[in-house]
Amino acid sequence: MLRGAILGLGNVAVHGHLPGWLARPDVRIEAVADLDPEHQAVAARLLPGARWYGSAEELLAREGLDLVDISTPPSSHAGLIRAALDRGCHVLCEKPLVPSSEVLADLAHVAAARGRILHTVHNWHHAPIVERTGRLIAAGAVGPVDTVAWETLRLRPAAAGAGRAGNWRVDPAIAGGGVLTDHGWHVFYVLRRWIGEDPVTVGATLEQRRHRQWAVEDTARIRLTFPATRADILLTWAADERRTRAEVRGRDGVLRLDDEELVLARDGADERWSCPPGLSDGSHHPEWFHAVLGEFLDAVGGGPSPGNLSEASLCVRLEALARESNRRGGAKLPVAAPGRAERQSVA
């Protein structure tokens with residue numbers, strides 16, 4: 001029985017992560033930490049017997065644990081990951097993992113030196129429609145992929161925080177950025193797996209299309225070019241509908257994704273699949289987290305952790321380059337390969 005703790009008992013932990021942990025017979029969540037004292041009642045109801053702490057630092061200092069689940073806002077991730085690794089814990093952490101490639105390489109090195117797993121929650125890999133699309137691409141259903149178009153349309157960011165604290169997703173000091181940070185990470189790692197290689201250039205424009213009261217972008221347009229593929233991405237919190245759709249076009253056909261409906265058009269005919277839940281069906285996706293948890297615990301048990309930190313490394317670099325491209329008026333910037341130290345640490 002592995003002993004675990006949850007650091008941060010907000011919406012994603014309660015509605016996305018906890019159902020997965022509670023379904024595992026091989027893990028016991030023994031402690032919870034959150035800065036909001038109102039969450040103590042939630043912990044007592046959902047995790048009776050788990051010890052409560054008013055800070056993650058106090059929990060880590062007092063508990064002897066095998067692993068921690070970090071579900072706090074992004075600005076706290078790096079410090080908590082290091083503290084948990086220093087206490088000998090395996091770490092599962094929400095995205096965006098850390099703010100820079102340098103920080104990621106350092107933490108990955110610490111994890112490797114201590115023989116511990118550091119794993120990011122890349123849960124969109126496990127959306128049924130994303131999985132089926134990946135299998136169809138790999139099977140050659142549309143032939144070599146030429147272009148991808150992706151749209152994540154939202155009316156506003158997902159709820160985070162409560163009361164006086166407001167929504168940390170629109171505070172750049174906590175979130176790091178707006179819709180690019182929140183949704184770009186997911187699209188970057190999904191496209192990399194579908195296409196099977198890293199992009200070579202990135203260009204982006206960011207704007208405050210509707211929500212000008214926030215100090216972060218509510219809309220981002222990104223173009224990624226791969227050796228033989230182009231991907232155009234629209235991410236927005238300023239849409240008039242909540243929807244996620246994509247089109248993957250190849251030499252021999254087209255795959256169209258519209259929330260939970262997948263259509264393969266080729267040879268003058270269509271094949272259709274319903275793949276619930278839809279990509280816009282809520283923000284917590286507990287079913288997808290169950291699969292992430294399985295990957296993480298397999299790695300903790302000595303199994304493979306295929307490419308997770310390598311994906312995180314790419315996502316960090318692409319976001320930084322997209323922001324730099326925007327500062328340069330949307331200029332197309334090369335995506336440099338990670339340095340030797342980073343390659344070794346995230347392998």
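A220 sits opposite L235, which belongs to strand 10. Two strands count as paired if DSSP finds at least two bridges between them. Helices (H or I, at least four residues) and strands (E, at least two) are DSSP runs, numbered from the N terminus. Four residues separate strand 9 from strand 10, and the two form a hairpin.

A word on the model. It is predicted: local features need pLDDT of at least 70, side-chain atom pairs count only at pLDDT 80 or more, and totals for chains, interfaces and linings use all residues. Residues are numbered from 1 along each chain as its sequence is written, and side-chain values use heavy atoms, leaving out hydrogens and water.

Back to strand 10. It covers residues 230-236, and five of its seven residues are buried. Buried means under 20% relative accessible area, exposed over 50%, partly exposed in between, with a 1.4 Å probe and protein chains only. Strand 7 also pairs with strand 10, in parallel, through seven bridges. There, L153 faces T236 of strand 10.

Now T152, in strand 7 (residues 145-153). Is T152 buried or exposed? Buried: its relative accessible area is 1%. Its side chain makes a polar contact with the side chain of W150, at 2.7 Å. A polar contact is a pair of N or O atoms within 3.5 Å; within protein, one must be able to donate a hydrogen and the other to accept it, and residues adjacent in sequence count only if both atoms are side-chain atoms. Beyond four places in sequence, T152 is in contact (heavy atoms within 4.5 Å) with H183, V187, L234, L235, T236, R243 and T244.

Next, the cores. A nonpolar core is a set of buried Ala, Val, Leu, Ile, Met, Phe, Trp, Tyr and Cys residues joined through side-chain atoms within 4.5 Å. The largest has 81 residues, and V68, I81, L97 and I222 touch the most other members. Helix 8 (residues 179-195) gives the largest share of this core, 10 residues. A separate core has 23 residues, including A43, L92, F296 and A299.

Last, helix 5 (residues 101-114). Its buried residues are S101, L104, A105, L107, A108, V110 and A111. After helix 5 comes G115, with a positive phi near 70°.
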